[in-house]
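Here is a short briefing for a first look at this structure. Keep the sequence and the model side by side as you read.

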Amino acid sequence: MEVRLLASDELSDALRNRLRALLFDSFPDDFTEDDWTHGIGGTHIVAFEGQDAVGHASVISRRIYVADAAIDGAYVEAVAVDPVHRGRGVGRALVAAVNDVVGSRYPFAALSTSKHPLYEGAGWERWLGPTFVVAGNRWTRTEDEDAGIMVFRPPGSPVDDLTARIAVDERSGDDW
């Protein structure tokens with residue numbers, strides 16, 4: 001297996017189509033066009049088996065609010081492994097590469113997941129504070145996200161209180 005980092009404009013049409021299919025097939029009832037769009041524009045981390053893309057994650061720049069501070073951080077999107085290749089370390093390799101990207105470019109990262117053990121094994125932590133979405137000056141509580149937010153704090157991260165409120169800017173589709 002080989003893991004490559006690619007910018008969105010480096011994806012060929014064939015690879016873009018393969019990744020899109022991989023994500024929609026991996027989450028047939030829970031992946032939308034908005035989710036696909038959210039995963040474009042950052043760094044794509046793609047796992048290949050030979051010439052076939054078998055796993056994907058995106059690291060996107062995103063403002064994350066912690067307590068009263070706005071952090072220009074990273075948000076992890078569109079993480080999936082082809083079902084045929086699950087259980088072979090592809091997910092662990094993707095998360096390790098995500099951590100490298102975050103650690104070299106960002107002071108802090110967040111994501112929303114139900115797959116806590118995968119990320120916890122790579123140094124991610126569950127967020128313990130309340131979650132919100134910000135639209136202008138309005139903060140809207142998102143209780144349904146409280147149990148799913150995880151964060152990665154590379155060395156030197158300004159975030160030290162995992163119980164503070166955390167928020168992201170509102171966007172189309174799923175905010176988190």
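Start with helix 3. Its 16 residues should span 22 Å at 1.5 Å a residue, and the end C-alpha atoms are 23 Å apart, so the two values agree. This is a predicted model.

**Helix 3**

- The buried residues of helix 3 are V90, G91, L94, V95, A97, V98, N99, V101 and V102.
- Helix 3 (90-105) is also among the elements that give two or more residues to the lining of the largest pocket.

**Helix 1**

- Helix 1 covers residues 13-26, which makes 14 residues.
- From first C-alpha to last, helix 1 reaches 20 Å, close to the 20 Å expected at 1.5 Å a residue.
- Which residues of helix 1 are buried? They are L15, L19, L22, L23 and S26.
- Seen down the axis of helix 1, these buried residues fall within an arc of 90°, so they line one face of the helix.
- The other side of helix 1 has exposed residues: D13, A14, N17 and D25.
- What do the buried residues of helix 1 pack against? Their partners are strand 1 (2-7), helix 2, strand 2 (43-49), strand 3 and strand 4.

**The largest pocket**

- The volume of the largest pocket is about 950 Å³.
- Its lining is made up of 33 residues.
- Nearest the centre of the pocket lie F27, V79, S112, T113 and K115.
- Which elements give two or more residues to this lining? They are helix 2 (33-38), strand 4 (69-81), helix 3 (90-105), strand 5 (109-112) and helix 4 (116-120).
- Strand 4 gives the most, with seven residues.
- By residue type, the lining divides into 13 nonpolar, 10 polar and 10 charged.

**Two alanines with positive phi**

- A67 is not a glycine, yet A67 has a positive phi of about 55°.
- A67 sits in the loop between strand 3 (52-66) and strand 4.
- Is A67 buried or partly exposed? At 31% relative accessibility, A67 counts as partly exposed.
- A78 is not a glycine either, and A78 has a positive phi of about 50°.
- A78 is found within strand 4, the element that gives the most residues to the lining of the largest pocket.
- The relative accessible area of A78 is 11%, so A78 is buried, given that buried means under 20%.

**H38**

- H38 lies in helix 2.
- H38 counts as buried because its relative accessibility is 10%.
- Which residues is H38 in contact with, leaving aside its neighbours within four places in sequence? The contacts are I60, E77, R171, S172 and D174.
- Helix 2, where H38 lies, is one of the elements that the buried residues of helix 1 pack against.

**G173**

- G173 lies in the segment after strand 10 (166-169).
- With a relative accessible area of 47%, G173 is partly exposed.
- G173 and D161 are 12 residues apart along the chain, and their C-alpha atoms are separated by 28 Å.

Conventions: Residues numbered from 1 in each chain as written. Predicted model: local features only at pLDDT ≥ 70, side-chain atom pairs only at ≥ 80, totals over all residues. Heavy atoms only, no water. 1 Å grid on protein atoms, 1.4 Å probe; cavity = no way out; pocket = protein on both sides within 12 Å on 5 of 7 lines; lining within 4 Å. Points joined across faces, edges and corners; volume = space filled by probe spheres on them. Helix = DSSP H or I, 4+ residues; strand = E, 2+ residues; numbered from the N terminus. Nonpolar A, V, L, I, M, F, W, Y, C, P; charged D, E, K, R; others polar. Buried < 20%, exposed > 50% of the residue type's maximum accessible area, 1.4 Å probe, protein only. Contact = heavy atoms within 4.5 Å. Expected span 1.5 Å × (residues − 1). Arc of directions from axis to C-beta.
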